[in-house]
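Subject: Structure for your files

Hello,

The structure is below, followed by notes on what was found in it. Please keep the two together.

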Amino acid sequence: MLNATILGQVFVNGVSLSAIYILVALGFTLLFGIMRVVNFAHGEFAMLGAFALFYLMKTLEWHWAFALPVGVIGVAAASLVLEWLVFRWFYQRMFESMIGLLGLNMMMMFGAVQLWDVHERNIPTMSGDVLMMGDIIIPVDRLIVVIIALTALAGFYLFIRHTRAGLAMRAAAQDLETAETQGVDTRRTYKIAFFVAILLAALAGALWGQIYAVSPFLGERPLLMAFIVVILGGMGSIPGAALGGVLLGFTESFVGTFYGAAASAFLSFGVVILLLIVRPWGILGTPEN
Amino acid sequence: MSARKWIIALIATVALLGWPWLTEDKFLHHVGVLICLTSIAACSLHLIIRTGHVSLCHTAFMGFGAYGSVISVMQFGLPWPVGLLIGTALAAGVAAIIGPIVLRLTGKYFVLITFLMGEVVRMAIIENTAITGGSNGIFNVPPPFPFLTSNRAYYYFALAFAVFGVGLCARILTSEFGRAINAIREGERLAECSGVPVIRFKVIVFVIACALAGMTGSLQGHYIKFVGPDAYSGFQSLNLVVMNVIGGMTSLAGALIGTVFMVTLPELLRGYVNLQQIMFGAILFATMAFLPGGIIEAIRRIRALLKPSKPGLAT
Amino acid sequence: MTGLLSVERLSKNFGGLQAVSDLGFNVEAAEILGIIGPNGAGKTTAVNLVSGVIKPTTGTVTLNGKDVTGLAPHVLVESGLVRTFQATTVYADQTVRENLMRGAFRQIYPGLIATLLSTPAAREARVRADAHVDEVMRWLDLGRVADHVASSLPYGIQKVLGMGIGLAAEPRLIMLDEPAAGLSAEETDHVRDTIREVRKRGIAVVVIDHNMRFIADLCDRVLVMAQGRELAQGKPQEVLRNPQVIEAYLGKRYAQAQH
């Protein structure tokens with residue numbers, strides 16, 4: 001069974017899944033690290049990203065190179081309304097945020113059902129072509145997904161490391177009071193962090209919608225995956241999100257292909273449960289006092 | 001108890017026992033049964049919340065009780081009381097094993113691990129089709145006793161268990177054990193240095209609460225005549241948490257109020273499932289954002305406005 | 001040379017960081033031992049090691065002849081060792097009386113079944129605990145604020161209440177972590193007088209502080225720590241003349257304070 005074609009497929013799957021999981025987890029961990037908010041509604045923003053892409057590509061028939069950035073940025077911009085209406089009541093209130101944003105999750109999910117009903121939709125594929133490298137078959141649309149995701153991750157890295165806004169965010173994540181006394185505008189930093197986090201989630205959702213079907217319930221799995229990745233890597237840790245995403249994506253691809261989806265789920269959950277018991281702050285996180 | 005409390009208790013008793021005879025509507029009786037059963041689940045979860053831990057796998061323990069009881073009765077032909085005991089013991093046993101491990105985790109980690117564990121249990125139920133009937137569940141579950149034919153009859157049956165279950169929770173919370181639990185929640189280190197064996201007490205509460213959940217699972221399964229994995233999912237556990245949150249997490253009365261609220265509201269909005277969920281979501285958000293103490297806190301604040309007290313004194 | 005409390009060669013290594021090394025001291029009944037040192041000297045860690053909050057890497061702690069090394073805090077309370085905390089001293093949202101009732105857990109709690117059934121033994125325990133708490137309130141002059149919520153009290157009184165929670169457990173030895181931190185001169189005097197009262201009742205006291213004058217005035221003996229080690233141990237006057245101690249502290253500041 002271990003021929004090049006299958007392995008190639010598993011690898012490509014692994015990379016695309018990992019990339020998407022990292023995108024979702026990054027946004028999630030940003031919101032936690034900077035605003036101490038556990039965004040139980042994170043998956044819903046992924047869902048919105050998928051619907052945005054669907055609408056632009058299917059109904060308006062835009063090319064994906066336009067539809068993707070416009071759709072994703074549009075979702076992030078529109079979500080700033082939710083930041084003002086909902087999120088800002090929960091900053092630095094972790095427990096309240098968990099349950100309150102759960103409420104938002106329900107509102108968004110069933111609001112979507114109300115607007116768009118439950119049936120599944122398919123986003124037109126970005127490319128029907130296929131790349132052949134010897135025995136290995138790579139669908140081009142998967143390749144595009146990987147390239148876009150990696151580009152976004154690179155962009156994010158540059159942003160967080162080399163811009164003032166990124167520095168402000170890192171400062172706020174480490175020590176809010178000190179950051180404020182150093183002149184960091186908390187409110188503005190939060191808004192930027194929120195925008196970036198939702199942007200990543202919407203992008204992840206749009207790419208997810210390329211691979212899987214789109215429905216109002218699309219957000220459930222990405223949310224679960226975000227949790228697992230962030231626990232694996234360490235809550236609030238950006239390198240942790242990257243590590244966790246890779247681990248989860250490849251595990252799922254490998255175990256899922258050879259042993260089935262259920263086995264993959266049991267394994268992932270089992271490992272995370274074990275980790276929570278012995279090392280709850282994750283592989284790259286730091287123990288809180 | 002004061003005379004006023006005796007009168008209230010009397011009226012409540014008469015109301016609880018008498019109302020099913022004021023109507024022949026089987027559906028209303030059904031809602032009554034649901035409120036009784038759900039109140040045991042919500043109140044037992046409340047016990048766990050009072051130790052400072054929010055569990056998102058409480059319905060998984062209902063599942064242990066339900067499947068344990070149903071399988072004992074249908075596969076092994078045991079009488080229902082034995083099935084009830086087996087289901088309850090199974091739930092209590094699992095709680096006793098995992099309790100000492102997971103109760104050492106704080107806040108968000110405990111929420112996450114219980115959520116994941118609940119999902120693992122649900123997936124395990126779905127995978128083991130031979131024993132559990134998989135995702136289809138088990139149908140035609142017999143009632144606990146042959147005389148329990150009508151919803152009204154089941155209501156009194158469920159009421160008896162509810163009085164026991166909720167009463168036990170109330171007794172625990174008002175006892176010296178309850179005082180220690182409050183101390184643990186408000187200042188764990190402080191309590192430990194006053195001699196409170198923190199982990200041991202948390203485990204005791206966890207085991208009792210999960211046992212009550214198991215008991216409820218059995219009662220519910222034999223009432224609905226069906227058990228299936230979806231009734232014991234993380235989402236359903238969440239509903240129990242929501243009941244506690246909306247009613248008010250600081251008192252048992254909050255759990256009861258939340259139960260009545262969450263069980264009856266869908267009935268008022270029947271046919272508008274989406275709107276129900278959206279409304280619940282909105283209430284959840286608004287409660288946590290503006291009134292984290294829930295309905296109970298709202299009542300307290302209204303009372304405080306009506307009779308002002310001297311600053312510094314406890315009201 | 002064992003006393004009520006005997007600590008020998010106590011050490012704690014946090015994955016490479018040696019927080020406390022080779023600490024040893026004794027405390028007798030009705031004696032006040034002060035532990036003093038600059039910030040980061042390891043004083044609170046030492047108390048955490050003795051009171052069971054952290055497990056020592058090496059060393060022994062003996063209470064009343066019984067080896068209690070590494071036992072959990074609640075077990076130590078059974079043996080009569082109680083400690084207070086620097087930061088969270090009280091249950092902020094509860095009344096003074098309720099705070100003390102929680103401290104009297106050992107006296108009140110009759111066992112799970114007994115308390116659920118409200119047996120005669122349970123009710124007796126409650127009555128005894130009520131009386132005991134009243135007594136503690138009288139002794140600490142908290143009676144007039146018995147029904148006041150802890151967070152509404154002045155900080156100095158809260159610190160005294162924190163001591164009261166510990167004393168409500170009827171200890172033979174109480175360890176006080178910075179009991180006068182953040183208090184005014186008047187409040188500090190009140191705390192000092194209260195601690196003297198505690199000694200009068202035969203209870204041994206270990207006081208941690210970084211205020212040299214407070215410790216020197218109050219304690220029978222002093223243990224000076226720096227960088228996790230003992231710098232000097234003995235009567236306050238001797239220890240203060242120790243050149244190493246003066247060096248570790250801003251000796252000038254103390255000399256000035258002594259006028």
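Of the 259 residues in chain C, 47% are buried (20 or more other C-beta atoms within 10 Å of the residue's own, C-beta atoms being placed from the backbone). This is a predicted model: local features need pLDDT of at least 70, side-chain atom pairs count only at pLDDT 80 or more, and totals for chains, interfaces and linings use all residues. Residues are numbered from 1 along each chain as its sequence is written, and chains are lettered from A and ligands numbered from 1 in the order in which they are written.

Chain C has 12 helices and 10 strands (DSSP runs numbered from the N terminus: H or I of at least four residues, E of at least two). Its radius of gyration, 19 Å, is close to the 18 Å given by the globule rule for 259 residues, so chain C is as compact as a globular protein of that length (C-alpha atoms; the rule is 2.2 Å times the number of residues to the power 0.38).

In chain C, 4 strands form an open antiparallel sheet in the order β2-β1-β4-β5 (strands pair if DSSP finds at least two bridges between them). Its edge strands are β2 (17–27) and β5 (66–67) of chain C. Strands β1 (residues 5–14) and β4 (residues 58–63) of chain C are joined by 5 bridges, and E8(C) has T60(C) as its bridge partner in β4(C).

Elsewhere, 31 residues of chain A are in contact with 27 residues of chain B (C-beta atoms, placed from the backbone, within 7 Å). On the side of chain A that touches chain B, α4(A) gives the largest share, 16 residues.

Regards

Technical notes:
Contact = placed C-beta atoms within 7 Å. Buried ≥ 20, exposed ≤ 12 C-beta atoms within 10 Å, placed from the backbone.
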